[in-house]
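Student: Could we go through a structure together? I would like to learn how its side chains pack.

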Amino acid sequence: MLEITRYVEELKERLHLKSDYVLAHKLGITQPEANHIRRGLKVPREELCIKMAKLLGKNPVELMLVAQKDRAPVEAKEYWELARTAVDVMLHVPSHPRYLPRKVEAIGKELRQMEAQCLLYENAAAETEPVRLMETVERTVDALMEYWNLWKQGEPLYPNYLLANKEAVHRGVTIRRLLVIAAEQAASNAIMDDAIQVMDDQRQSGIQIFYAFREELMKSVTYQRLIQAFKRHGSAGEINAAVFDNEIMVMARAYERVPLGLTGGRVITRISQQEITWKPHVIEELSPAPMFDMTRYVREYAGPKLFKGDLARLRRESREGVGGCEGEARLDASVAGG
C-alpha cells in the first residue's frame with residue numbers, strides 16, 4: 001500500500017468527502033484517477049500533491065517527498081524517508097542553541113549531495129564519518145593505505161577508529177587492511193618500528209593486516225592501474241581508502257598538517273577531506289580486494305620477526321642493486337639496528 005493513501009483518507013475525513021466522485025471534483029481530477037490514487041494504484045503528480053497539502057494545511061514538500069518515496073524502488077525508499085524527516089526537522093528547528101541549526105544545515109547539505117551518490121566531509125567530520133561507517137558494516141572491509149602513518153599512537157585514527165574496527169570484528173566482520181611501505185620508509189629503522197607498532201595493534205584487534213613494499217608492488221600492472229584509477233577519481237597523492245560490504249567506499253582526498261599547540265610544538269597529519277561514495281562502477285574500479293590475492297608481493301603480517309626478515313631481504317636487494325662498499329656498510333648497520 002502506498003503511503004500517500006493515508007493523506008487521501010485524511011483529506012476525505014476532514015472535508016467529509018463521501019465518494020470518489022466528490023473527491024475528484026474537489027481535486028480537479030477525473031473520478032477514475034481519484035479512485036486509483038485512493039486505492040494506492042497511482043502516485044499523484046507534484047501539482048496534485050501541492051493542492052492536497054493546501055487542503056490539509058500541510059507543507060507541500062512533505063506530500064511531494066512521500067510521493068517520491070512511493071515511486072522509488074525498494075532499495076531507495078529509505079533515502080526519501082530520510083529526506084522527509086530532515087525537511088520536518090528543518091521546519092521546526094529553533095534558532096538557539098546554535099548547534100541545532102548548524103546540524104540541520106549539515107543534514108541539508110548531505111541530502112543535496114546524496115543525489116550524486118557522493119558525500120564530501122572536511123576537517124573533523126572527515127575523521128568521524130569513517131567511524132560511523134565502521135559501526136554499520138555487516139560483513140567485510142577491504143582497505144588500502146599508502147598513508148598508513150595515521151594509525152600510529154597519538155595520530156588521528158588512534159584510538160577511536162581502531163576501537164570501531166575492533167568492535168566490528170567482534171560482530172563478525174572480516175577486516176583486511178593492506179599497508180604499502182615505500183622504499184624511503186623502509187630505509188628508516190624508526191619508521192619501521194612505527195609500522196610494526198601499527199601492524200601489531202591491528203592484528204591484536206582481530207584485523208587481518210597485510211603489508212607490501214611499494215617498489216615491488218609497482219611491478220604489478222594491477223597496482224599501476226589501480227593508482228591511475230584513484231588519481232582519476234580525485235584521491236589524495238597517497239592512497240587511503242576502504243570498501244565496506246562491497247557497497248560503499250571511503251577515500252581520502254586531501255591531508256593537512258595541524259599543530260596541536262602543545263609544549264614541544266607537536267604537529268599531526270590528518271585527513272582534511274574525505275569522500276564517501278556508493279556509485280557501483282567507482283567501487284568496482286577502486287576496490288582493493290584483488291590486492292590481497294597478489295601473494296607474490298603482498299604478505300600477511302605474522303609478527304615482528306618475520307617482518308624484519310622480509311625487511312632485511314628488501315634492504316639487501318636494494319643494496320645489491322646500487323652496489324658500492326660504502327652503501328653496503330651503511331645498509332648492514334641499518335639492518336642490524338632494525
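Student: Which residues does Phe-307 touch, not counting residues up to four places away in sequence?

Tutor: Phe-307 touches Ile-181, Met-192, Ile-196, Met-199, Tyr-211, Phe-213 and Tyr-301, where contact means heavy atoms within 4.5 Å. Please note that this is a predicted model, in which local features need pLDDT of at least 70, side-chain atom pairs count only at pLDDT 80 or more, and totals for chains, interfaces and linings use all residues. Residues are numbered from 1 along each chain as its sequence is written, and side-chain values use heavy atoms, leaving out hydrogens and water.

Student: New topic: how are the rings of Tyr-147 and Tyr-255 arranged?

Tutor: They form a tilted pair, 4.5 Å centre to centre with 50° between the planes. Rings of Phe, Tyr and Trp (its six-membered ring) pair if their centres lie within 6.5 Å; planes under 30 degrees apart count as stacked, over 60 as edge-to-face and the rest as tilted.

Student: Is Tyr-147 buried or exposed?

Tutor: Tyr-147 counts as buried, at 15% relative accessibility, whereas Tyr-255 is partly exposed, with a relative accessible area of 21%. Buried means under 20% relative accessible area, exposed over 50%, and partly exposed in between (1.4 Å probe, protein chains only).

Student: What about Trp-151 and Tyr-161?

Tutor: Their ring centres are 5.3 Å apart and their planes at 25°, so this pair is stacked. Both Trp-151 and Tyr-161 are buried.
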